[in-house]
Amino acid sequence: MKLIFLGQPGAGKGTIAEMVVEKYGVAHISTGDILREAIKNETEMGQKAKDFMDKGELVPDEVVIGIVEDRLKEPDCEKGFLFDGFPRTIPQAEALDKITEISKVIELTCSEETVLDRLATRWTCKECSAIFNVKTKPPKEEGKCDSCGGVLYQREDQKPETVKERLVEYKNKTAPLTDYYDQKGLLSRVGTESTPQEIFSEVVSILDA
Ligand code: ADP
Ligand code: ZN
């Protein structure tokens, strides 16, 4: 199973991706998580990426494509994988087509209002990147990750101006990917205004079909 999750920031990709990865045992590849890890470790790649990310802009294609090429060589990808946040541009999708063959693409969709609301109330685990939401998916203990006990924080790029820039980038550069994959007959759409359980079971029925 080689999957791609498309969707605006805040559409629910990360949350549903975690559930899919657990059920099917595939590798979860989040380019955003890999980039944040590189920044934390102060690698050369992290330094290149930081300015773009802080502004809400996309990181240059060649940086991200390099990350993905390396990541796919790791042994856990043999059972399959789920891309969360990649590809985000047509050149990234074309590069991916040269590396591997994707089995399904799921676009998670929701209104702009929901997206803004979700991003403002989102908390992320510093250790394992698990996502919580103070309104809809609160952690059992305040400020603490349910899965690993790590500290929860609000990401830098969650500021309203930065969020706006991320949504503009999505519209201009990432939204065209839905047509790209639709033309290949790979695309399914799932609305994400309902509960994570309901969204998940819809995704499962698409993956098992
Ligand atoms: P979200 O889905 O909430 O926008 P991500 O964690 O996927 O967050 O991405 C955060 C940031 O990392 C993006 O705004 C962008 O700067 C950078 N990034 C992640 N993946 C890519 C990618 N495939 N191409 C370019 N930039 C990326
Ligand atoms: Zn955690």
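## Report on a predicted structure

Ile131 is located in strand E6, which spans residues 131–133. The model described here is predicted. Ile131 is buried, because its relative accessible area of 15% falls under the 20% limit. Leaving aside residues up to four places away in sequence, Ile131 touches Gly14, Thr15, Glu18, Arg122, Trp123 and Lys137. Between Ile131 and Lys171 there are 23 Å in space, C-alpha to C-alpha, and the two residues are 40 residues apart in sequence.

### The zinc site

Which protein atoms are the donors of the zinc ion (ligand 2)? They are the SG atoms of Cys125, Cys128, Cys145 and Cys148, lying 2.3 Å from the ion. Along the chain, these donors follow the spacing C-x2-C-x16-C-x2-C. The site of the zinc ion (ligand 2) is tetrahedral, with angles of 100 to 115° among its four donor atoms. Cys125 is buried, as is Cys145, whereas Cys128 is partly exposed. The values for these cysteines are set out below.

| Residue | Relative accessible area | Class |
|---|---|---|
| Cys125 | 1% | buried |
| Cys128 | 38% | partly exposed |
| Cys145 | 5% | buried |

A disulfide is a covalent bond between the sulfur atoms of two cysteines. A search of the whole structure finds zero disulfides.

### Packing of two helices

Helix H2 (residues 31–40) packs against helix H4 (residues 61–72) at an angle of about 100°, and their axes are 11 Å apart. The two helices, H2 and H4, are therefore roughly perpendicular to each other. On the H2 side, the contact is made by Thr31, Ile34 and Leu35; on the H4 side, by Val64, Ile67, Val68 and Arg71.

### Backbone features in the loops

Most residues other than glycine have a negative phi, and most peptide bonds are trans. Glu42, which is not a glycine, has a positive phi of about 50°. Glu42 belongs to the loop between H2 and helix H3 (44–55). Is Glu42 buried or exposed? With a relative accessible area of 63%, Glu42 is exposed.

Ser129 likewise has a positive phi, near 70°. The loop that holds Ser129 runs between strand E5 (122–125) and E6. Ser129 counts as partly exposed, at 23% relative accessibility.

The peptide bond from Phe86 to Pro87 is cis, with omega near -10°. Pro87 is placed in the loop between strand E3 (81–84) and helix H5 (90–99).

Methods. Residues numbered from 1 in each chain as written. Chains lettered and ligands numbered in written order. Predicted model: local features only at pLDDT ≥ 70, side-chain atom pairs only at ≥ 80, totals over all residues. Heavy atoms only, no water. Disulfide = S-S within 2.5 Å. Buried < 20%, exposed > 50% of the residue type's maximum accessible area, 1.4 Å probe, protein only. Donors = N, O, S within 2.8 Å, 3.2 Å for Na, K, Ca; no water. Tetrahedral: all angles 85-135°; square planar, octahedral: opposite > 155°, others 65-115°. Axes fitted to C-alpha atoms, helices over the stretch in contact; angles between N-to-C directions. Helix = DSSP H or I, 4+ residues; strand = E, 2+ residues; numbered from the N terminus. Parallel < 35°, antiparallel > 145°, perpendicular 65-115°, else oblique. Contact = heavy atoms within 4.5 Å.
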